[in-house]
Amino acid sequence: MNNMASDNSLKSSRIHCRDSLLILDGPLSIHTIPELQKNLKQTRLDTVTTIDLSGVDYIDSAGVAFLEQLSERTGSAANLQKANEKVQRALETFSSHQNRKPEQSPEPNFFESVGNSVYSFGESALDFLYLTSEIVLWSLYGIFHTGSRRKGSVIQQSFLIGSNAIGIIALLSFVLGLILALQSAAQLRQFGANIYVADLIAISMVREMGPMMTAIIIAGRSGSAFAAEISTMKVTEELDALRMMAINPISYVVVPKFLAITICMPLLVTLSMILGILGGFVIGLTYLDLTFVSYFNETISILTAEDLLVGLSKSIFFAWVIVIIGSYFGFKAQGGAEGVGKVTTSAVVASIFAVIFLDALFSLIYMI
Amino acid sequence: MPNSIIQIRNLITQYGDKRILDQISLDFFENQVTVILGGSGCGKTTLLKSIIGLVSPAAGDVRIFGAPFDAADESHYNSALRRIGVLFQNGALLNSISIAENVAIPLEQHTRLDHDLINQIVMTKLHMVGLDHAAYLLPSELSGGMRKRAALARAIALDPELLFCDEPSAGLDPLTSAALDDLILTLRDQLNMSVVIVTHELASIHRIADRIIFLDQGKILFSGSLTEAKTCQISEVELFFKTGSF
Ligand SMILES: Nc1ncnc2c1ncn2[C@@H]1O[C@H](COP(=O)(O)OP(=O)(O)OP(=O)(O)O)[C@@H](O)[C@H]1O
Ligand SMILES: [Mg+2]
C-alpha cells in the first residue's frame with residue numbers, strides 16, 4: 001500500500017542542536033511530535049537563533065503548532081529556514097495567529113453569585129406563579145371548550161397516568177398497610193387492645209398514607225414524564241412550532257395532563273386506601289385473631305366522611321402540584337438532550353419535596 | 001491512475017426489508033475530492049454510514065486503507081478510524097461541552113500531545129473554519145451553520161487522511177460555503193487528504209469535485225468527472241445539472 005501519510009505514522013523524526021542551529025529531520029506530524037518533545041526536554045534552546053527545516057518532508061497542523069511553540073521557547077523567536085515549498089504553505093495554512101485566544105468570561109465573585117442566585121430565585125418564583133395561573137385558567141377554560149386540544153387527549157393521558165400506575169400503587173399500599181399493622185400490633189397486644197389496629201390503619205391510610213404514597217409514586221412516574229415530554233418539545237422547537245400555528249402550548253400540552261391527573265388521582269388514592277386497609281386486615285385476621293365482622297365494623301365506625309374528604313381533597317392538591325412543577329421544569333429546559341435530563345431530575349425531586357411539604361401544611365391546618 | 005483508498009464490492013444495505021443500496025461496487029481514490037450526488041432520500045447518507053460501519057451492510061465488503069474495514073474486528077477498526085474524520089449531517093457535537101472541548105476530544109483521546117499543543121491545534125482548527133470567537137460557546141448557543149463548521153473542525157482535528165462530509169455546506173451562505181470549499185481543497189493539497197462529500201450545492205460541486213458519483217434508486221447511475229457528467233446523456237444526471245443552474 002503506497003500511502004504517503006500512513007508512512008508518516010511509522011517514520012520517526014530526529015532533532016539535533018549545533019550552537020545556534022536547530023536541525024529538524026523527518027516528518028513533523030501528530031505521531032512523531034510526542035517523541036520529539038521528549039528529546040527536546042534535555043536540549044538547551046536559549047542560544048538557538050535558526051531552525052533548519054530542510055530535512056522536513058511532511059508537516060501537519062500538530063507539526064506547525066509544535067514549531068510555533070519551539071520558536072517561542074528559543075531566545076529570540078528563531079527563524080525558520082530552508083522549508084520546502086509544501087512545508088512553507090502548510091506553515092501559512094496552519095499558523096495559529098498568536099494572541100487571539102478569546103478569554104472566557106470571568107467567574108463572578110462570591111457576593112455577585114449570591115446576588116445572582118437571589119435574583120434568579122425571585123425571577124423563577126415569578127415565572128412559576130405566572131405558569132400556575134396560566135395553567136389553572138386554561139384548565140378551567142378547557143373543561144368547557146374541548147376544541148383547544150387534541151381529540152381524546154385527556155382520555156389518553158388518563159390511561160398513561162392512571163392505568164399503568166394501578167399495579168404498583170396497589171402493591172405498595174397493601175405492603176404499607178401490612179407493615180403499619182404489624183408494627184402497631186405488637187404494642188396494642190400488650191394492652192389487649194387488638195381491635196384498635198383497625199382504627200389505626202383506617203385513619204392513617206385514609207388521612208395520610210394513602211394520599212401521600214400515591215402522590216410520591218405519581219410524582220416519580222408521571223411528574224418525570226411530564227417534564228421529559230415538555231422539555232423535549234422545548235429543545236426540539238416543537239413548542240415554537242405550536243405557537244406559530246397559533247396554538248397555545250399550555251392549553252394543548254399541559255391542560256390535558258392537568259384534567260387527566262385531576263380525575264385519576266382521587267381514584268388512585270381510593271384504591272390505595274382500600275388496599276392499605278386490606279393489608280391491615282390480613283394482619284388483624286392472622287396475627288391478632290380478630291374476626292372479619294368485628295374488624296370490618298370497627299373500620300366503618302371509626303371513619304367519617306370528613307376523613308375521606310380530607311384525604312381526597314389533599315390528593316387533588318398534590319396532583320396539581322405535580323403537574324405544575326413538572327410543566328414548569330419542562331418549559332424551563334435549555335440546550336439539548338442534556339437539558340432534558342437535568343430538568344427531569346429536578347422536577348421529580350422538587351415535586352416529591354413539595355408533596356411532603358404540602359402534606360405537613362395540611363396537617364397543621366386541620367389541627368387548628 | 002491514483003491509488004484507490006476505499007474499495008466497495010457488491011454492497012447491499014437494507015433497513016428491514018427495504019433495500020436502500022443494491023449491489024454497489026465503487027472505488028474512491030487517494031488525494032481526490034469525490035462528490036456523491038442524488039435525490040433526497042436516495043441513500044447517500046446510508047452509503048456513507050455503510051462505508052464507515054455505522055450501518056452494517058446486509059452483504060458485500062468495504063476495504064479502507066487496503067484492509068477490510070469491519071466494525072467486528074475492533075482493534076483494526078479503531079486504529080483505522082483514527083485516520084478518518086467524519087462530519088455528520090446534523091453536526092453531532094456533544095452538547096454538554098464547549099466547541100473548543102469538542103474539537104479537543106479526538107486530540108486528547110488519540111494522541112500523546114501535551115495540553116498547550118492541543119490548545120494551539122484546537123484554536124488553529126477553529127480559525128480555519130472561522131470560529132475563533134465562538135470557542136467557548138456551547139453547541140446550543142450556535143447557529144445551524146456555525147454548528148456545522150464546528151463539527152468540521154472536530155472532524156479534521158487529527159488531520160485525517162480520509163474525510164467524510166455529509167452536506168457540509170447545507171445552511172451556509174455562499175461566501176462561507178466557498179470558504180469551506182477552499183479549506184477542503186487546501187486539506188487535499190497540503191495533507192494529501194482524500195475527501196468524500198455529499199452535497200447538492202452546484203456551485204460547490206463546480207469548485208471542488210474531482211470526481212462525481214450519482215446515486216439513484218440504490219444503484220450508481222454515473223461516475224466520472226464533472227465535464228463527463230454534463231455530457232453523459234443520462235437524463236437524470238443531465239436534469240440535475242440543468243435544473244440546478246441558472
Ligand atoms: N434508520 C432508518 N430506518 C429506516 N429507514 C431509514 C433509516 N434511515 C434512512 N432510512 C431510509 O433510507 C432511505 C435513504 O435515506 P438516507 O438518509 O440515506 O437519504 P439521503 O440520500 O441521505 O437523503 P438526504 O439528501 O435527504 O439527506 C430513505 O428512504 C429513508 O426513509
Ligand atoms: Mg442525507
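Let's start with a definition: Ala, Val, Leu, Ile, Met, Phe, Trp, Tyr, Cys and Pro count as nonpolar, Asp, Glu, Lys and Arg as charged, and the others, Gly among them, as polar. Hold on to that for the pockets.

Hi everyone. What we have here is a predicted model, where local features need pLDDT of at least 70 and side-chain atom pairs count only at pLDDT 80 or more, while totals for chains, interfaces and linings use all residues. Residues are numbered from 1 along each chain as written, chains are lettered from A and ligands numbered from 1 in written order, and side-chain values use heavy atoms, without hydrogens or water.

First, chain A. Its assigned domains, whose bounds come from an automatic or database assignment, are domain 1 (2-98) and domain 2 (151-367). Their centres, taken over C-alpha atoms, lie 69 Å apart. The C-alpha trace of chain A spans about 105 × 60 × 55 Å along its principal axes.

Now the pockets. Rolling a probe the size of a water molecule over the atoms shows where empty space is left. A pocket is an open set of points on a 1 Å grid over the protein atoms alone, where a 1.4 Å probe fits, with protein on both sides within 12 Å along at least five of seven lines; lining residues have an atom within 4 Å of a point. Volume is the space filled by probe spheres set on the points, with points joined across faces, edges and corners.

How much space lies in the largest pocket? About 580 Å³. Of its 20 lining residues, those closest to the centre are B:Leu81, B:Ile84, B:Val86, B:Pro106 and B:His110. Helix H3 of chain B gives the largest share of that lining, four residues. Helices here are DSSP runs (H or I, at least four residues), numbered from the N terminus. By class, the lining has 14 nonpolar, four polar and two charged residues.

The second largest pocket has a volume of about 440 Å³. Among the 16 residues lining it, A:Val235, A:Gly335, A:Gly336, B:Ser140 and B:Arg147 are closest to the centre. This lining has five nonpolar, eight polar and three charged residues.

Last stop: B:Ala104, found in helix H3 (residues 99-110) of chain B. Why does B:Ala104 count as buried? Because its relative accessibility is 7%, and buried means under 20% relative accessible area (1.4 Å probe, protein chains only). Beyond neighbours within four places in sequence, B:Ala104 is in contact (heavy atoms within 4.5 Å) with B:Ile118 and B:Val122. B:Ala157 is 53 residues from B:Ala104 in sequence, yet their C-alpha atoms are 7.4 Å apart.

Definitions and conventions:
Helix = DSSP H or I, 4+ residues; strand = E, 2+ residues; numbered from the N terminus. Buried < 20%, exposed > 50% of the residue type's maximum accessible area, 1.4 Å probe, protein only.
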